[in-house]
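Biologist: I would like to learn how to read the charged pairs and the pockets of a model. Could you take me through them step by step?

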Amino acid sequence: MAYPLMPEKRRFSRYVLPFMASNMYVLAEGEDALVIDPQPSEEACAALQRTAAGRILVLLTHEHFDHTSGVNFFRRHIPSVRVLAHAETAHHIETARNNRPLALLKMGTEENRAEIMEAYRSYPMESISVDAHLADGQELLWHGHVIDVAEVPGHSPGSLLFSFDDGMVFTGDYLIPRTAVILRYPGGSEEAYERVTLPKLKAIPNGRLILPGHGAPYRFDCRAMDWNQRR
């Protein structure tokens, strides 16, 4: 279902992927829409169709399944979908076997096992193509909005931050509320996180609205962060 953002940012809608609880953010502007970290959502698709959105610009914060699973879903439902991501993300998701929802299998319990397996089988294992690559320092213009791109390796090689109109920052799997940053996944790097990414995260101005890949949006306060939390 769609979750509201803070009142002044209400034009964005937030959708949460079942079980994995990852966020998809959607902003419609006339016949166009901006989608960050797409997931298969009939509700979001119906909302876009009601606005007559026929063109979608998709931005991927990184290559993990729960943040890319809706790319081909939207390509099957919307006439024009253009996908932008880091080159490392593009390389990773073009291989179908990398796009399996393996994390779901770790969430199974005796009570929900059947439901988990049904969800797992609902995701087709298929290649995902990217239309163009994004790099550090790049600036995107979309419907009068400015989106600044920053490379932030550590959680994954293809991780990006998107700063939107100098007021909001889409952080992917960084700065998740009350959650240590995960650096142990394949492709993760504590060295790259310390050297490249941590300074960029600490440089986010206080008061910016953080829109994380999991959890609810919140106002950034550098002093309130526990920068030593990682796993």
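Modeller: Let us begin with exposure: a residue is called buried under 20% relative accessible area, exposed over 50%, and partly exposed in between, with a 1.4 Å probe and protein chains only. By that scale aspartate 136, at 42% relative accessibility, is partly exposed. Please keep in mind that this is a predicted model, in which local features need pLDDT of at least 70 and side-chain atom pairs count only at pLDDT 80 or more, while totals for chains, interfaces and linings use all residues. Residues are numbered from 1 along each chain as its sequence is written, and side-chain values use heavy atoms, with hydrogens and water left out.

Biologist: How many salt bridges does the structure hold?

Modeller: A salt bridge is a side-chain nitrogen of Lys or Arg within 4 Å of a carboxyl oxygen of Asp or Glu, and the structure holds 9 of them. In one, lysine 200 meets aspartate 136 at 2.9 Å, N to O. This pair links distant parts of the chain, 64 residues apart, with lysine 200 in helix 6 (residues 190-202) and aspartate 136 in the loop between strand 7 and strand 8 (139-142); helices (H or I, at least four residues) and strands (E, at least two) are DSSP runs, numbered from the N terminus. Lysine 200 is partly exposed, at 26%.

Biologist: Is glutamate 29 buried or exposed?

Modeller: Glutamate 29 counts as buried, at 18% relative accessibility. Its salt-bridge partner is arginine 11, with the closest N and O atoms 3.0 Å apart, and arginine 11 is exposed, at 53%.

Biologist: What is the volume of the largest pocket?

Modeller: Rolling a probe the size of a water molecule over the atoms shows where empty space is left. On a 1 Å grid over the protein atoms alone, a pocket is an open set of points where a 1.4 Å probe fits, with protein on both sides within 12 Å along at least five of seven lines, and lining residues have an atom within 4 Å of a point. Grid points are joined across faces, edges and corners, and a volume is the space filled by probe spheres set on the points. The largest pocket has a volume of about 910 Å³, and among its 30 lining residues His64, Phe65, Asp66, Ala103 and Tyr185 lie nearest its centre.
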